[in-house]
Amino acid sequence: MLYRPLGRTGLMVSEIGFGAASWWGKPQFSEREALGLVHAAIDGGVRFFDTGASYSGGHAEPRLGRALKGRDVSGLVVATKAGTFAKGGRVGRDFSPAAIIASAERSLKALGLEVPPLLQLHGPSVEELDRLADTMAGLKGRGVARAVGVNSFDPAVIDQALGLPQIDVVMVDYNVLRPEREPLIARAAAADKGVLAGMPLAMGHLTPRKVRAPRDLWYAARGRLRHRREMEAAARFGFLNGLPQMTAAQAALAYVLANPGVACAVVGATRLGHLRENLAASGLALPPQAREAIRAAQRALSR
Ligand SMILES: NC(=O)c1ccc[n+]([C@@H]2O[C@H](COP(=O)([O-])OP(=O)(O)OC[C@H]3O[C@@H](n4cnc5c(N)ncnc54)[C@H](OP(=O)(O)O)[C@@H]3O)[C@@H](O)[C@H]2O)c1
């Protein structure tokens, strides 16, 4: 596993991070398997774990805490998010300063770590971000967060974060379907912000999914209901599944990690085989023909 600096935070993170979200955090997914994946990730060199207060109906964050209990976490960077919360099967949002502070304090307890997490605002508006910048810096000052960031898929919010000295890190949606994020990532790196790439496998839509277990039905239903455009776009990258040198997931990760502005690609996986395949992508170079084919598919999509 290779490691990269996370902007100016002084933290080093593994190129491949572990996304503790979605099916991984759900009670329907076995605790033994979920914890086993985290332990395998640590053994495989993963040093960055990402979760959120609202992830998996609120179950992901305490589960990650249980997975890390009793482990040597001194070299790990654990990230969580505030501003959204899970209630009655739905995700709510509250970006008042009081709610952010209360959420950060709950996260600290739920994760049970001696070293505080990296705290990110989870999808604020530009105005909410501006209003909360000092609150976030205050949480860092009080030792409730070790660094602070913003996770947003809205480029205007990320651009605003780049001008805020209080914000250390940004998490953007970046994968082969999102080349338009590249100028934003370059600006973020130039502003010394740590850049995390969320959804590097485009939520798994780049590889054909065989329905073998309930999680496959859940991911397929999520895609059909909420990410139909991504699924259609991903179909144009089907050639990634036929590369001789690497799997489609590895090629997708190699694409993201070829961007020097990215510190870490945060991947969600609930199968050990997938996790191992993803960890093996660290250090892989995308063959030039594959890069050209990706660029051609991106040009076709933008027309
Ligand atoms: N999605 C969002 O809206 C969002 C928002 C903010 C932050 N994030 C962060 O980004 C992380 C990743 O996002 P994500 O989980 O949506 O998307 P992702 O990492 O792009 O994709 C996860 C999906 O890819 C599949 N997968 C993983 N490794 C694979 C492999 N080697 N071959 C084939 N399929 C593979 C997983 O299947 P299996 O489960 O079967 O392994 C799962 O269905 C999250 O965990 C979270 O920390 C996501």
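How far is a nitrogen atom of the ligand from an N or O atom in the side chain of glutamate 277? The gap is 3.3 Å.

## Ground rules

This is a predicted model, where local features need pLDDT of at least 70 and side-chain atom pairs count only at pLDDT 80 or more, while totals for chains, interfaces and linings use all residues. Numbering runs from 1 along each chain as its sequence is written, and side-chain values use heavy atoms, with hydrogens and water left out.

## Around the ligand

The ligand sits among 28 residues, counting a residue if one of its heavy atoms lies within 4 Å. Asp50, Arg209, Thr270, Arg271 and His274 are the closest. Sorted by class, the shell holds 14 nonpolar, nine polar and five charged residues. Here Ala, Val, Leu, Ile, Met, Phe, Trp, Tyr, Cys and Pro count as nonpolar, Asp, Glu, Lys and Arg as charged, and the others, Gly among them, as polar.

Three elements give the shell at least two residues each: α7 (214–226), β12 (264–267) and α10 (272–279). The largest share, three residues, is from α10. Helices (H or I, at least four residues) and strands (E, at least two) are DSSP runs, numbered from the N terminus.

For alanine 202 the backbone is involved: one of its N or O atoms lies 3.4 Å from a ligand oxygen atom. On its own the ligand exposes 880 Å², and the protein buries 93% of that (Shrake-Rupley areas, 1.4 Å probe).

Most residues other than glycine have a negative phi. Alanine 202, in the loop between β11 (194–198) and α7, instead has a positive phi near 50 degrees. Serine 22 also has a positive phi, about 50 degrees, and lies in the loop between β3 and α1.

## Rings and helices

There are six aromatic pairs, meaning rings of Phe, Tyr and Trp (its six-membered ring) with centres within 6.5 Å; planes under 30 degrees apart are stacked, over 60 edge-to-face and the rest tilted. Tryptophan 23 and tryptophan 218 make a tilted one, at 5.9 Å centre to centre and 50 degrees between the planes. That pair ties together parts of the chain 195 residues apart: tryptophan 23 is in the loop between β3 (16–19) and α1 (31–43), and tryptophan 218 is in helix α7.

Elsewhere, Glu61, Pro62, Leu64 and Gly65 of α2 meet Ser107, Ala110 and Leu111 of α3 (heavy atoms within 4.5 Å). By class, that contact has four nonpolar, two polar and one charged residue.

Methods:
A polar contact is a pair of N or O atoms within 3.5 Å; within protein, one must be able to donate a hydrogen and the other to accept it, and residues adjacent in sequence count only if both atoms are side-chain atoms.
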